[in-house]
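Hello,

Here is the structure we talked about passing on. Please open it alongside this note; my findings follow below.

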Amino acid sequence: MAMKILCPTDGSEHAEVGLAQAIELAKLSGARLTVCVVNIAHGGARGPTINHWTPEEAAALMSAAEAKGKAAGLADVGTAELVAREAAPAIIAYADQNGYDHIVMGTGDKRGVKRLVLGSVAAEVSGQAHCSVTVAR
């Protein structure tokens, strides 16, 4: 069974499905759950770097997710803010560097050309992560 579960969230409806699955898996297995927010950094080079969320917005996302885990009966819920240019590599690296053995995340409903053009963080994570990945829909 998984002992450390990482669940990326952005507060979207799809991420909430992943969070619900991560909470249930952590309850069933007794695993530690960490909810992370990837705060995408935009800009740089010739201008300032601006993160997608303010520190307060990122903290509110993590706090809300942590509260859901605790309300569901989890005693061991942590949070982490990752600042990176791209979400998938940040999630994969954080999970690898911190010994997570399972990643649970939601995904949108991208199909066909939309999927090819926009890509999918969940697809990239599941294809490259060192550990098990559950993609909830």
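Strand β1 (residues 4-8) is mostly covered, with four of its five residues buried. Buried means under 20% relative accessible area, exposed over 50%, and partly exposed in between (1.4 Å probe, protein chains only). Helices (H or I, at least four residues) and strands (E, at least two) are DSSP runs, numbered from the N terminus.

This is a predicted model: local features need pLDDT of at least 70, side-chain atom pairs count only at pLDDT 80 or more, and totals for chains, interfaces and linings use all residues. Residues are numbered from 1 along each chain as its sequence is written, and side-chain values use heavy atoms, with hydrogens and water left out.

Back to β1. Strand β2 (residues 32-43) pairs with β1 in the parallel sense, over five bridges. Two strands pair if DSSP finds at least two bridges between them. C7 sits opposite V35 of β2. β1 also pairs with strand β5 (residues 102-106), again in the parallel sense, over two bridges. There, L6 has I103 as its bridge partner.

Next, two single residues. G78 is in strand β4. G78 counts as buried because its relative accessibility is 9%. Setting aside neighbours within four places in sequence, G78 contacts R32, L33, T34 and V35. Contact means heavy atoms within 4.5 Å. G78 and C36 lie 42 residues apart in sequence, yet 8.4 Å apart in space, C-alpha to C-alpha.

T107 lies in the loop between β5 and α4. Its relative accessible area is 12%, so T107 is buried. Not counting residues up to four places away in sequence, T107 touches H14, S120, A122, V135, A136 and R137.

Now the helices. Helix α3 (residues 87-97) has A87, A88, A90, I91, I92 and A95 buried. The buried residues of α3 pack against β1, β2, β4 (77-84), β5 and α5. After α3 comes G99, with a positive phi near 70°.

How do α3 and α5 meet, and at what angle do they cross? The axes of α3 and helix α5 (residues 121-128) come within 9 Å and cross at roughly 35°. Axes are lines fitted to C-alpha atoms, for helices over the stretch in contact, and angles run from 0 to 180 degrees between N-to-C directions. The crossing of α3 past α5 is right-handed. A crossing is right-handed if the near helix is turned clockwise from the far one by less than a right angle, and left-handed if anticlockwise. A87, A88, P89, I91 and I92 of α3 make the contact with V121, E124, V125 and Q128 of α5. Those residues divide into seven nonpolar, one polar and one charged. Ala, Val, Leu, Ile, Met, Phe, Trp, Tyr, Cys and Pro count as nonpolar, Asp, Glu, Lys and Arg as charged, and the others, Gly among them, as polar.

Helix α1 (residues 13-29) and helix α2 (residues 55-71) pack at about 35°, with axes 10 Å apart. α1 passes α2 in a right-handed crossing. E16, L19 and I23 of α1 meet A65, K68 and G69 of α2.

Last, confidence. pLDDT is the predictor's confidence in each residue, from 0 to 100. The protein chain has a mean pLDDT of 90, and 91% of its residues reach 70 or more. Confidence is highest in β1, at 98, and lowest in helix α4 (residues 112-118), at a mean of 48. Over residues 114-118, pLDDT stays under 50. Where pLDDT is low, the predicted coordinates should not be read in detail.

Best wishes
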